[in-house]
Amino acid sequence: KKAEVANLLLDIEKLQNWKNENNSRQPIAENRTIIISKLADAQILLNSLKTTSKDIDDIQEKTKVKEQEKTTLDTNFSIKQESVKLLRKAHEIQKKELLLIPIETLEMEKAMVDSKLEESITAQAHWRILYSTLNDFNVLDNKLLLNQKESKVKDIILTETTQLLATALTRKETSEHFLKQARLVAAQNVETLRSNLAEGEPCPVCGSIDHPYAVHDPRLDNVLSGIEEEHIKNEQNYLSLLKEQSTFQETCESLKKTIVLQKQEHAKKSTDLQGLQQTWMGFAIQHECVSIPDEKKSRWFEENLKALKTKQFTLQGQIQSFNVTRQQVEAQKNKIDELEKDLTDTINNIKDLERLLLTYSEQLQHKTKEQEKANTNLSEVELTLNPYFPNSEWINNWKIDPDPFLQQINVFTEHWNENIEKLDDEIQQHGILSATLSGMEIQLNSFAKEVTKKETVLSGLETNYLLIVQQRKAIFNGEQVQHIEARFK
């Protein structure tokens with residue numbers, strides 16, 4: 001119990017020291033409910049203040065952006081307004097320039113030039129065809145006349161050649177007959193014939209009754225050779241005339257076919273030429289070049305077309321210049337309308353921004369008032385709770401992180417209550433233990449006296465015990481007690 005009292009005194013001393021150390025924070029534990037309630041209200045104010053501050057920052061940022069937009073719009077409005085003035089001035093100048101151009105006269109004149117140019121181009125193309133056809137017709141006509149003349153000449157030559165060929169054929173056949181007869185004389189049976197010849201009998205070869213060469217005569221060979229050479233000449237002459245006659249005959253037939261085709265083509269070209277000439281007479285421009293020779297008409301057409309194209313190009317340039325200017329005027333008008341619409345939109349945007357900035361200003365005033373009110377209410381809470389906190393910086397610590405701050409208050413309050421309750425309990429327990437220890441000390445003294453008495457009695461009993469043991473030993477001659485008891489049983 002003394003050890004328990006000593007330990008209890010140590011715990012009481014520790015708790016008392018902790019209490020003394022935290023005495024300044026005792027109001028926090030004792031007024032935790034009020035503090036937590038006030039801080040809960042302050043938390044709402046702080047959240048509102050943070051939201052309000054964020055809203056104020058957002059409104060200020062939006063206001064800054066919109067003011068920059070308004071400044072940009074004001075600058076653009078001034079620039080566009082000046083541009084509209086300049087464009088209107090240029091527009092009026094170009095409108096006056098357009099009025100000075102006789103566009104209707106130019107367009108009528110160009111339409112006439114275009115029509116005349118188109119007719120000239122068509123007439124030129126037709127003339128080229130007509131002139132080419134006329135030349136082809138003349139060439140064909142000349143060719144036909146030449147071929148007809150040549151055909152007549154070739155026919156005469158062919159007739160003469162045919163007659164010569166007939167004569168040559170007769171000569172060839174005659175010389176061939178003589179050659180055959182001569183060769184027959186020169187055959188192997190000549191000697192036999194010669195041996196059978198008799199004077200006064202006709203020769204079976206030549207029919208002669210004289211046989212001066214009944215024996216071999218070299219002149220016969222010469223005669224046979226001369227006949228053979230003559231026949232070869234006749235045959236070559238015949239073949240040459242036959243080839244020449246065939247050539248002339250083919251040429252004549254080819255010329256006749258060509259003449260037939262040329263006559264057909266001549267008739268067709270004559271018809272085509274009449275149609276082309278009739279069409280040519282329908283062109284108005286042909287009256288302008290009647291006196292010009294055909295071979296110079298192409299050059300005249302080129303010069304005429306060049307002049308018409310030059311005039312067309314000049315008129316086209318004037319009309320195009322007018323159209324470009326008119327397009328520029330229309331583009332300027334559209335640009336002016338667009339800029340004016342843009343100016344109107346810019347003015348409306350500026351008005352919208354001014355209204356929006358006014359709205360932002362009102363919102364900023366409202367939020368600023370809310371912020372001031374929240375700060376005032378928060379200051380009141382701070383003044384209310386300042387007595388409970390020993391450190392004047394408690395409000396800043398709470399603002400930095402409210403939840404851990406409240407948690408610390410709850411933990412400290414619970415710790416304070418537990419330690420104070422434990423201290424009270426241990427002080428009360430110490431009183432009880434002290435009273436118990438006093439009673440136990442009295443009881444211990446009583447027990448000590450009684451023990452002394454019991455020890456005296458015990459000492460007397462031990463002495464008597466020893467006497468009795470000795471007596472017993474004397475009675476039983478030193479025999480062991482167990483054996484004697486066992487015998488008695």
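I take buried to be under 20% relative accessible area, exposed to be over 50%, and partly exposed to be in between, with a 1.4 Å probe and protein chains only. By that rule, 25% of the chain's 489 residues count as buried.

**Ground rules.** This is a predicted model, so I note that local features need pLDDT of at least 70, that side-chain atom pairs count only at pLDDT 80 or more, and that totals for chains, interfaces and linings use all residues. Residues are numbered from 1 along each chain as its sequence is written, and side-chain values use heavy atoms, with hydrogens and water left out.

**Elements.** I looked up the helices and strands, which are DSSP runs numbered from the N terminus (helices H or I, at least four residues; strands E, at least two). The chain has 10 helices and zero strands. I also checked contacts, meaning heavy atoms within 4.5 Å. Of those in the chain between residues at least 6 apart in sequence, 84% join residues at least 24 apart.

**Cores.** Next I went for the nonpolar cores, which are sets of buried Ala, Val, Leu, Ile, Met, Phe, Trp, Tyr and Cys residues joined through side-chain atoms within 4.5 Å. The largest one has 24 residues, and I35, L39, L385, F389, W394 and W398 have the most contacts inside it. Two or more of its residues come from each of α2 (26–30), α3 (32–99), α7 (294–385), α8 (394–400) and α9 (402–475). A second, separate core has 14 residues, L134, F137, F283 and C289 among them.

**Aromatic pairs.** I counted two aromatic pairs in the structure. The rings of Phe, Tyr and Trp (its six-membered ring) pair if their centres lie within 6.5 Å; planes under 30 degrees apart count as stacked, over 60 as edge-to-face and the rest as tilted. W18 and W416 make a tilted pair, at 5.5 Å centre to centre and 45 degrees between the planes. W18 sits in helix α1 (residues 2–21) and W416 in helix α9, so this pair ties together parts that are 398 residues apart in sequence. W18 is buried at a relative accessible area of 17%, and W416 is buried at 4%. The other entry is F389 with W394: the ring centres are 4.3 Å apart and the planes lie at 10 degrees, so I log the pair as stacked. F389 is buried, with a relative accessible area of 9%, and W394 counts as buried at 2%.

**Second largest pocket.** For pockets, the search runs on a 1 Å grid over the protein atoms alone: a pocket is an open set of points with protein on both sides within 12 Å along at least five of seven lines, while a cavity is a set of points where a 1.4 Å probe fits but cannot get out; lining residues have an atom within 4 Å of a point. Grid points are joined across faces, edges and corners, and a volume is the space filled by probe spheres set on the points. The second largest pocket holds about 260 Å³ of space. Its lining has 13 residues, with R25, I28, F389, F405 and Q408 nearest the centre. The elements giving two or more residues to that lining are α8 and α9, and α9 gives the most, with five. By type I get eight nonpolar, three polar and two charged residues. Here Ala, Val, Leu, Ile, Met, Phe, Trp, Tyr, Cys and Pro count as nonpolar, Asp, Glu, Lys and Arg as charged, and the others, Gly among them, as polar.

**Single residues.** Is K70 buried or exposed? At 19% relative accessibility, K70 counts as buried. K70 lies in helix α3 and, neighbours within four places in sequence aside, is in contact with I350, L353, E354 and L357.

I156 is in helix α4 (residues 103–185) and is exposed, with a relative accessible area of 51%. I156 and F248 are 92 residues apart along the chain, and their C-alpha atoms are separated by 9.9 Å.

E370 is in helix α7 and is partly exposed, at 29% relative accessible area. From E370 to S48 I note 322 residues in sequence and 8.5 Å in space, C-alpha to C-alpha.
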